[in-house]
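This report is meant for a reader who is meeting the structure for the first time.

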Amino acid sequence: MADLRLLIAGAGGRMGRALIRAASEQKGFAVTGALESKSAPDLSKDAGELAGIGANGVKIDADPAAFAGKFDAIVDFTIPAATLELAALAANAKLIHVIGTTGFTAAEEQKIAASARSAVIVKSGNMSLSVNLLAALTRQVAKTLGEDFDIEILEMHHNKKIDAPSGTALLLGRAAAEGRGIDLDKRSVRARDGHTGARKAGDIGFATLRGGTVVGDHSVIFAGYSERIELSHRAEDRMIFARGALAAAKWAQGRKPGLYSMADVLGLGS
């Protein structure tokens, strides 16, 4: 089978470079395009050299048209505005689009879902195998334990991250809400300050920390009477997300258009 040709969006960023390195280490992939924003300092640089793997002959460009017909899948860890444009491109060309971008509004989520009517879109708040297993465990524990156990989600990331709570924290929150059979949007608490009163039973709380170079720490805490259960994951290298995203792209080959998740990729179901 021919290599899956990849267009890496955000190629000059930390995740973009990790994706290029991961693709060079695995059989079955070829990076044939590299995108960055018009104001990025890395335009026209060789994507392979920037990623530290040596020249690969792919020059970073701000216009997807520069790579027209040269890629089968877009792998995208950027910002919502850029992702929406790429989702529309994937829909028009009937391509694969793997989305690791987070921080979407409800309206933006609807636009991505609309693009998935024509494109094969795999979207997740976290592409790690372990994190998605953690989400499955969170769903099961939340389903098993009643509201006597309060659910709190704690996350910490590096000081450059621009959205909060993280996409992974929300992924875990949704899993907990599904286990409890509740609507996360109606039952989540994102901030506490001042005289808040007692905690409302059944709510799912989020706490956000930012600092240093932390790749990603997440804990789901089930706090009951005189006991706690804590489910945790600590990411030590962005390559775990890159490898997961490539696995998602490979899985998407030959699929019907639709909006899929890493749970689908891993066969975890709901």
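In this model, which is predicted, Val131, Asn132, Leu134, Ala135, Thr138, Arg139, Ala142 and Lys143 of helix 5 are in contact with Thr168, Leu171, Leu172, Ala175, Ala176, Glu178, Gly179 and Arg180 of helix 6. Helix 5 covers residues 129–144 and helix 6 covers residues 167–180, and their axes, which come within 7 Å, cross at roughly 30 degrees. Angles under 35 degrees count as roughly parallel, and helix 5 and helix 6 are therefore roughly parallel to each other. The crossing in which helix 5 passes helix 6 is right-handed.

On the side of helix 1, the contact involves Met15, Ala18, Leu19, Arg21, Ala22, Ala23 and Glu25, while helix 8 contributes Met239, Phe241, Ala242, Arg243, Ala245 and Leu246. Helix 1, too, passes its partner, helix 8, in a right-handed crossing.

The table sets out the axis values for both pairs.

| Helix pair | Axes come within | Crossing angle |
|---|---|---|
| Helix 5 (residues 129–144) and helix 6 (residues 167–180) | 7 Å | roughly 30 degrees |

Strand 7 runs in the parallel sense with strand 8, which spans residues 204–210, and the two are joined over two bridges. Ser188 has Ile204, in strand 8, as its bridge partner.

Strand 6, which spans residues 150–157, includes His157. Is this residue buried or exposed? His157 has a relative accessibility of 7% and so counts as buried, since the cut-off for that term is under 20%. The side chain of His157 makes a polar contact, at 2.8 Å, with the side chain of Glu155. Leaving aside residues up to four places away in sequence, His157 touches Ser166, Leu209, Arg210, Gly211, Val214, Val215, Gly216 and His218.

Conventions: Residues are numbered from 1 along each chain as its sequence is written. This is a predicted model: local features need pLDDT of at least 70, side-chain atom pairs count only at pLDDT 80 or more; totals for chains, interfaces and linings use all residues. Side-chain values use heavy atoms; hydrogens and water are left out. Helices (H or I, at least four residues) and strands (E, at least two) are DSSP runs, numbered from the N terminus. Buried means under 20% relative accessible area, exposed over 50%, partly exposed in between (1.4 Å probe, protein chains only). A polar contact is a pair of N or O atoms within 3.5 Å; within protein, one must be able to donate a hydrogen and the other to accept it, and residues adjacent in sequence count only if both atoms are side-chain atoms. Contact means heavy atoms within 4.5 Å. Two strands pair if DSSP finds at least two bridges between them. A crossing is left-handed if the near helix is turned anticlockwise from the far one by less than a right angle, and right-handed if clockwise. Axes are lines fitted to C-alpha atoms, for helices over the stretch in contact, and angles run from 0 to 180 degrees between N-to-C directions. Angles under 35 degrees count as roughly parallel, over 145 as roughly antiparallel, 65 to 115 as roughly perpendicular and the rest as oblique.
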